[in-house]
Amino acid sequence: MTVGNPLLHKSMVSCKRKNILSPDILNKISTPAYVIDEYLLEKNLKILSYIQNSTNCKILLALKAFSTSACFPLIKKYLSGVTASSLNEAKLGSEEFGKNVHVYAPAYTPQIFKKLLKYSSHIVMNSFTQWKRLKHLAVFSENLEIGIRVNPHYSEVANAKYNPCSTNSRFGVSSDTLKNESLDGISGLHFHALCQQPFDVLERVWTQIESKFEKALYQLRWVNLGGGHYLTHPEYDVKKLITFINKIQNKFDISVYMEPGEAVVYNSGFLVTSILDLGDINPSYAIVDASASAHMPDILEMPYRPTLLNESPMSSSTFKYSIGGPTCLSGDIIGDYSFEKKLKIGDKLVLTDMAQYTIVKNTTFNGIELPSIHLLKTDGELKLIKKFNYADFKSRVG
Ligand SMILES: *Cc1c(COP(=O)(O)O)cnc(C)c1O
């Protein structure tokens with residue numbers, strides 16, 4: 001990681017509220033429940049807004065990571081639009097966010113593409129086959145901008161599941177393909193090659209982009225740097241990013257877009273869960289009413305171990321539990337945790353950094369309840385946004 005600029009982060013955020021999910025607030029929540037903390041979300045948005053204001057670049061929320069429209073009024077005060085990966089997301093962005101709606105998907109049918117025209121300001125094509133097949137439809141939208149996704153075939157994402165630049169990747173065209181095609185009708189270049197990464201990785205990916213796609217960069221009007229930038233992480237070097245964006249915008253006379261998902265809501269959401277039952281040995285197990293499999297699938301997919309508020313470091317003097325969900329999947333395990341006090345049935349546990357890739361990915365596997373969604377307003381008011389019921393389950397399984 002680069003040496004970050006924590007001072008920049010602190011000075012931009014006036015600290016109005018320190019207590020995160022006080023016992024008072026926790027008492028009011030019936031579990032399982034996601035809580036989006038608007039104060040923490042706004043802290044991120046101020047960093048993103050600072051980047052936009054220092055460069056004139058445009059930052060878009062990737063709806064794939066977080067689509068809770070109850071937060072859009074706050075988010076659109078700071079960001080320039082959204083990026084959608086489907087017709088549903090494009091419609092949501094257009095109707096509820098109402099600014100620029102960019103779309104990228106690996107493939108569109110003519111039927112979907114026609115519908116997308118109604119909602120989109122920018123559509124990014126994944127291949128020239130797609131573009132040639134759909135080009136005749138693009139003329140039906142007046143101000144539509146078309147982009148082409150390119151693949152630098154260079155990335156520093158070690159986990160193959162999250163690496164869009166592997167040899168047989170289906171994402172984007174290579175520089176060899178691009179050289180033989182006409183950019184007629186295309187005004188932008190798009191790439192996405194990062195995942196939770198700091199600025200220096202972007203810099204190295206960009207070196208590849210520039211050497212492989214230089215001619216196109218001079219020809220086109222905009223470039224979209226994709227997502228995966230850890231912009232709001234305390235160690236992200238925001239200053240270097242600003243210098244970089246200004247430099248490439250000047251050099252190529254081009255506008256820069258970025259479309260982070262995770263970085264927008266990083267560390268601003270929680271999942272509150274209650275203990276349903278406990279094993280009686282140490283180390284032991286705890287069963288909670290939130291499921292890794294159904295409510296936090298990235299725990300199993302990545303995989304990773306989320307942090308709990310108030311967990312203790314693992315040591316011999318603490319009480320250890322393997323915490324698992326209420327489904328019948330043996331692997332529905334959130335992780336192993338250690339506490340200073342013995343846990344009790346009914347205790348609430350708070351999982352941190354749970355806004356992105358949770359609500360958008362959850363399921364009713366085993367028929368278990370979907371967590372309700374709350375907003376914790378900056379003034380401390382807790383607002384219930386959505387509670388799910390039997391009808392939601394039934395409608396999803398048909
Ligand atoms: C997933 C994705 C994003 C958002 O990625 P984050 O890691 O959440 O920032 C942006 N653009 C594209 C094309 C994506 O596939």
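Axes here are lines fitted to C-alpha atoms, for helices over the stretch in contact, and angles run from 0 to 180 degrees between N-to-C directions. The model is predicted: local features need pLDDT of at least 70, side-chain atom pairs count only at pLDDT 80 or more, and totals for chains, interfaces and linings use all residues. Residues are numbered from 1 along each chain as its sequence is written, and side-chain values use heavy atoms, with hydrogens and water left out.

**View A. Helix α3 crosses helix α10.** Helices (H or I, at least four residues) and strands (E, at least two) are DSSP runs, numbered from the N terminus. Helix α3 spans residues 38-55 and helix α10 spans residues 238-252. Their axes come within 9 Å and cross at roughly 35 degrees. The crossing is right-handed. A crossing is left-handed if the near helix is turned anticlockwise from the far one by less than a right angle, and right-handed if clockwise. From α3, the contact uses Ile47, Tyr50, Ile51, Ser54 and Thr55. From α10, Val238, Leu241, Ile242, Ile245, Asn246 and Gln249 meet them. Contact means heavy atoms within 4.5 Å.

**View B. Helix α6 has buried residues along one face.** In α6 (residues 110-119), Phe113, Leu116, Leu117 and Tyr119 are buried. Seen down the axis of α6, these buried residues fall within an arc of 160 degrees, so they line one face of the helix. The arc is that of the directions from the helix axis to the C-beta atoms. Gln111 and Lys118, on the other side, are exposed. Buried means under 20% relative accessible area, exposed over 50%, partly exposed in between (1.4 Å probe, protein chains only). The buried residues pack against α5 (87-97), β4 (100-104), β5 (122-125), α7 (128-138) and β6.

**View C. Helix α6 meets helix α7.** The two axes come within 10 Å and cross at roughly 40 degrees. That makes α6 oblique to α7. Angles under 35 degrees count as roughly parallel, over 145 as roughly antiparallel, 65 to 115 as roughly perpendicular and the rest as oblique. The crossing of α6 and α7 is right-handed. Pro110, Phe113, Lys114 and Leu117 of α6 make the contact with Arg133, Leu134, Leu137 and Ala138 of α7.

View D. Ser155 sits in the loop between β6 (145-149) and α8 (175-179). Its side chain makes a polar contact with the side chain of Asn163, at 2.6 Å. A polar contact is a pair of N or O atoms within 3.5 Å; within protein, one must be able to donate a hydrogen and the other to accept it, and residues adjacent in sequence count only if both atoms are side-chain atoms.

View E. Most residues other than glycine have a negative phi, and most peptide bonds are trans. Thr31 and Pro32 are joined by a cis peptide bond, with omega about -10 degrees for Met302 and Pro303 and about -5 degrees for Thr31 and Pro32. The Met302–Pro303 bond is also cis. Pro32 lies in the loop between α2 (23-28) and β1 (33-37). Pro303 is in the loop between α13 (298-301) and β12 (319-324). Asn56 has a positive phi, near 65 degrees. Asn56 is in the loop between α3 and β2 (58-62), and is exposed at 66% relative accessible area. Gln196 also has a positive phi, about 55 degrees. Gln196 lies between β7 (188-190) and α9 (199-219), and is partly exposed at 29%.
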